[in-house]
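Subject: Structure for you to look at

Dear colleague,

I am passing on a structure that I have been reading through, and I would be glad if you kept it open beside this message.

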Amino acid sequence: MSVARVLAGTLREAGAVLGLLVLWQLVTMLLAVPVFLLPQPIVIAQAFASNVDPIARALLLTAAEAVLGFIGGNVLGLLLAFVFVRSSLMARLGLPLAIGLRSVPLIALTPLLTIIFGFGLTTIVLMAILISFFPALVAGITGLRAPTPEALALMRALDAPESLVYRRLRIPAALPYIFAAFKISAPASVLAAMVAEWTAANSGLGYLILDAGGRYRFPLMWAAIVAATALAVLAFVVAAAAERRVIRWPVETA
Amino acid sequence: MKERRDWVWSVIAIAAVVLLWELAERLVAARFPIVPAPSAIAAAIFRFATPIWLNLQLTLVESVIGLVAGSVLGVALAMLFVAVPRAERSLYNLVITVHSIPLVAVAPLLLIWFGVGITAPTIVAGLACFFPMAVNATRGLRAASSSALDLMRALDATPWQTFVRVRLPASLPYLITALKLGAPAAVLGATVGEWLGTAGIGYLLFSSMVNFQIELLWATMVIATAVALAGYLLFVSFERVFLGWTPAARGPQ
Amino acid sequence: MSFDVRDREFVALVGPSGCGKSTLLRLVADLDVPTSGVIAVGGEPPASARRHRLFGVVFQDPVLLPWLDVLANVSLPLEVARGDALDQAAPAALLDLVGLGRFAHARTWQLSGGMRQRAAIARALVLRPRILLLDEPFGALDEITRQRMNVELLRIWSQRPTAALMVTHSIGEAVFLADRVLVMSPQPGRIAAEEVVPLPRPRTFETLASPDFLGCVSRVTKLLLTAVEERRP
């Protein structure tokens, strides 16, 4: 896509967003919508401006929690995927357990984790780890097993050692799946961190949203919501950008 | 037949874990009150059956209504997208943006708007399954093979006939997939919505934590998991029964 | 069944679907294990022949790794074999030979089907195998490209002569390429007949129209039909 077209598209979207904001502002102003229902964009922007410090700190904290959890969950998931692909016995025993763990709604685990690991960073990062773990596991397994029988036959005909088969065939073949999982678990880690903050912290964006709402500081609450959305979107964008940089070849979409 | 073998291994693995867990508890009795033995959890489920059931009823109602409403809206949006491609281009980004707003941010907002009660969690549940359904339904409605569509054209079928005979059956696998994902998502959404409320499974989880009622907490967790799993398996069985003809239903997941 | 392939001889295997010709090739390539019988490649059983890289294989699916460029793909056997007195210049030279010299650093998805198979053939020849094993290599290509590839294959093969064993559905292709055509019949899979191809080399597009070629094709076709008929209960 040419730069001009991308620019035009972005401008059009920015224009749409701006138009929406203007509409929002006008409607809330003209209909005197109460602030607990829908604050005016200008008021939200003001809340942003006068609370830059707390919002930024909350955002950085939540982001740090999410990043730690994302890394931990993916490392664990991919490692386990490798083990499961190498040993079908481990897979047959381990996969049902992983699926069982996955079946527990994450929010239901928060109280338990809070009780076991207490208030604070550990619980929150653990939640983020848990939410990233399963997509990484599934992506790793699917990806490592993705090469066609012909590709594997070729490797065998070349008498390639296992390590080379992994390095040159299985791992590159798995990368598209792994990055697709990243695009899901990156924003999900942000979400998980925020949910965990509800019960296990008194800082961070998730907590800030609740706290601001509880103190009837609605513009601040909305500002925090905007910040949270931006963080989640940023996480996705970073994952997508990483995908574009690493996956330089066309991949068939399943 | 490989599927049956997989099932057996799953049962073995889970049974083994439960047994080891029980044994461990017996051996180091009362050393880890935070993690009760499976038998104690089972007993707790019976002991607290009434409060659990009362709260569960609420959550189920919210989940079901949320799932239905979210799915219907999702399908409606998909139908709009397929019928009017221009709508897709303009609305798609809006939909994605709304979807990006984390549920954890939306839930407190809904609580403020609708107060404590059944409405907020239901809406959260609906939102949780709306987007997956919209995406899957759009894909599904477009999944009809071009050869099948050409055939209907050659037979001079009306748009409605084409829809009913080709597009709808072709989209069913996708719709059921979305429902498979949506059912546990709706339960999750309802639970999140109830977190700050005064009733429902979400509330029960939170309150049992702050009141340090460990066994009630575990019992509720187990029930919540069972419900989410049941919803998922319900639609998996739908898949088998109604869609036996699709490769997706026949092959392993 | 029993047959052999001599050095620098091109043998084609034709037969109806399911007669086991692909299986036979896989047995030679040590991709499957025979329940009985002896297979020897260059005097060695398939397993050690594979480890000593005595054969090169070309499948119907060229299997080019999309994350490597064309040259890296063709060099893959070198990478596997890890140096020691191997010809590092072979991949580039072979790419030139198959006519892909200018595409050494192209990406695999930028190549057409025929070009990809040529790359696969180049890769199969990198380690100077004693025998080239081809399993319906041009099955996925359209007719015109297929005929062009047949001529190309003969040209390449004449420059890098090895023994060659090819499985194909197409009788015309078999007769055009081979010195001998073996006709297989199904259930049980066995060699029903053998036809020596009397056409002189080098063979070109004109050969395809020659009466000798057409006569041979019709003889093989008859043999194939007989083989299939015989098996019908």
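**Where chain C meets chain A**

In this predicted model, 17 residues of chain C are in contact with 16 residues of chain A. On the side of chain C that touches chain A, the elements that give two or more residues are α2 (46-51) and α4 (76-81) of chain C, and of these α4(C) gives the most, with three residues. Sorted by class, that side of chain C has 12 nonpolar residues and five charged ones, with no polar residues.

For the complex, the predictor gives an ipTM of 0.82 and a pTM of 0.85.

**Which chains touch**

There are two pairs of chains that touch, and the most contacts are between chains A and B. Chain B and chain C, by contrast, are joined by no contact, and their closest C-alpha atoms lie 22 Å apart.

**Domains of chains A and B**

Chain A is divided into domain 1, which covers residues 1-33, and domain 2, which covers residues 40-246, and the C-alpha centres of these two domains of chain A lie 31 Å apart. For chain B, the domain assignment gives domain 1 (1-32) and domain 2 (40-250), with 30 Å between the centres of the two, taken over C-alpha atoms.

**A pair of helices in chain A**

Two packed helices are described by the angle between their axes and by the distance between those axes. In chain A, helix α3 (residues 52-86) and helix α8 (residues 162-200) pack at an angle of about 135 degrees, and their axes are 8 Å apart.

By class, the contact of α3(A) with α8(A) has nine nonpolar, six polar and one charged residues.

With best wishes,
A colleague

Technical notes:
Residues numbered from 1 in each chain as written. Chains lettered and ligands numbered in written order. Predicted model: local features only at pLDDT ≥ 70, side-chain atom pairs only at ≥ 80, totals over all residues. Contact = placed C-beta atoms within 7 Å. Helix = DSSP H or I, 4+ residues; strand = E, 2+ residues; numbered from the N terminus. Nonpolar A, V, L, I, M, F, W, Y, C, P; charged D, E, K, R; others polar. Domains from an automatic or database assignment. Axes fitted to C-alpha atoms, helices over the stretch in contact; angles between N-to-C directions.
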